[in-house]
Amino acid sequence: MKIISWNVNGIRAVAKKGLLDFIENEKPDILALQEIKAKEKDIPKNLHDIKGYHLFLNPADRAGYSGVSILTKKKPISVKKGFGIEKFDTEGRLIEADFGDFILLNIYFPNGKLSPLRLNYKIDFYNETINHLESLLKQGKNLIVVGDLNTAHKEIDLARPKENEKVSGFLKIERDLLDKLVEIGMVDAFRHFDKNPQNYTWWSMRSGARTRNVGWRIDYAFVNKKFISKIKSCTHLQEIYGSDHCPVKIEL
């Protein structure tokens, strides 16, 4: 089974840059997209009608903002949207799909750079996510968490760690929350297989950052310890353009 996660920075924009060709070439069993920036009526019709796939959306209330979606060959047993907490759910940041053997959580974590208020919102969102995952783990569920976490975990996960120590996305308080994610029993699938530096998933669109590989690893796949043995690989598809993020692929 192949699962691909990708922050597309606008599903309508990436649809014009070859998203259908990407799906046809990769043939993922599950494609989890973040930052779709579209409501259901705005989704291009050809994405609604991809043969063999079911489409699930959780758009933000605000037009052109946030939102997540899942395209999946196998229809889930159930699909939940959000935490049931209004201040988070209005931004369309979570789809949770139960596939029986595992639960997939496609999550777009908030960006905390805009203001202290948004940083606090991001921290609250992280804590709610961790509490929710811990609850599912206590129920004996296997979990695959994919998405844009908007935080680089370790110094190895961004090109310029010293310069960014006081920047949201690499603040100690944010990195500590990723430590907590590991403490409750989640494993960073990419680092499970690859300990090498200069492996990034997001590059600023300014100053040719992607060409120079001055990036951040902020897109992740986390899998619970009991289920990590089922993961065959986790890779970054850095050759795929169309967004300022590259896709992350895991194979079971």
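The structure is a predicted model, in which local features need pLDDT of at least 70 and side-chain atom pairs count only at pLDDT 80 or more, while totals for chains, interfaces and linings use all residues. Residues are numbered from 1 along each chain as its sequence is written, and side-chain values use heavy atoms, with hydrogens and water left out.

## The open sheet

Strands (E, at least two residues) and helices (H or I, at least four residues) are DSSP runs, numbered from the N terminus. Two strands pair if DSSP finds at least two bridges between them. An open sheet is formed by 6 strands with mixed pairing, in the order S3-S4-S2-S1-S14-S13. Strand S3 (54–58) and strand S13 (233–236) are the edge strands, each of which pairs on one side only. From one strand to the next the twist averages 15°; axes are lines fitted to C-alpha atoms, for helices over the stretch in contact, and angles run from 0 to 180 degrees between N-to-C directions.

Helix H2 (residues 19–26) packs on this sheet and touches strand S1 (2–7), S2, S4 and strand S14 (248–251). The direction of H2 makes about 160° with that of S1. Contact means heavy atoms within 4.5 Å. Within the sheet, strand S2 (residues 30–34) and strand S4 (residues 68–72) run antiparallel and are joined by 5 bridges. Opposite Gln34 stands Val68 in S4.

Is strand S6 buried or exposed? Strand S6 (residues 94–98) is largely enclosed by the rest of the structure, because 5 of its 5 residues are buried. Buried means under 20% relative accessible area, exposed over 50%, and partly exposed in between (1.4 Å probe, protein chains only). Leu94, Glu96 and Asp98 point one way from S6, whereas Ile95 and Ala97 point the other way.

Strand S5 (residues 78–81) pairs with S6 in the antiparallel sense over 4 bridges, and Lys80 stands opposite Glu96 in S6. S6 is also joined by 5 bridges to strand S7 (residues 103–108), again running antiparallel. Here the bridge partner of Asp98 is Ile103 in S7. S6 and S7 make a hairpin with 4 residues between them, and Gly100 in the turn has a positive phi of about 90°.

## Pockets and cavities

Rolling a probe the size of a water molecule over the atoms shows where empty space is left. On a 1 Å grid over the protein atoms alone, a cavity is a set of points where a 1.4 Å probe fits but cannot get out, and a pocket is an open set with protein on both sides within 12 Å along at least five of seven lines; lining residues have an atom within 4 Å of a point. Grid points are joined across faces, edges and corners, and a volume is the space filled by probe spheres set on the points.

A search of the whole structure finds 2 cavities of 30 Å³ or more. In the table, Ala, Val, Leu, Ile, Met, Phe, Trp, Tyr, Cys and Pro count as nonpolar, Asp, Glu, Lys and Arg as charged, and the others, Gly among them, as polar.

| Space | Volume | Lining residues by class |
|---|---|---|
| Largest pocket | about 720 Å³ | 11 nonpolar, 12 polar, 8 charged |
| Second largest pocket | about 180 Å³ | 4 nonpolar, 3 polar, 5 charged |
| Largest cavity | about 40 Å³ | 7 nonpolar, 1 polar, no charged |
| Second largest cavity | about 30 Å³ | 4 nonpolar, 2 polar, 2 charged |

The largest pocket is lined by 31 residues, and Lys113, Trp202, Trp203, Ser204 and Trp216 lie nearest its centre. Strand S10 (202–203), helix H8 (209–212) and strand S11 (215–216) are the elements that give two or more residues to this lining. Residues lining the second largest pocket include Glu35, Lys37, Arg62 and Arg93. Arg93 also lines the second largest cavity, along with residues including Asn58, Phe83 and Leu94. The lining of the largest cavity includes Leu19, Leu33, Ser69 and Leu71.

## Two buried loop residues

Arg217 is placed in the loop between S11 and strand S12 (219–224). Its relative accessible area is 1%, so Arg217 is buried. Not counting residues up to four places away in sequence, Arg217 touches Asp157, Asp188 and His236, among others.

Asp244 is found in the loop between S13 and S14, and counts as buried at 12% relative accessibility. Leaving aside neighbours within four places in sequence, Asp244 is in contact with Asn9, Thr201, Trp202, Trp203 and Met205. Asp244 and Met205 are 39 residues apart in sequence and 6.5 Å apart in space, C-alpha to C-alpha.
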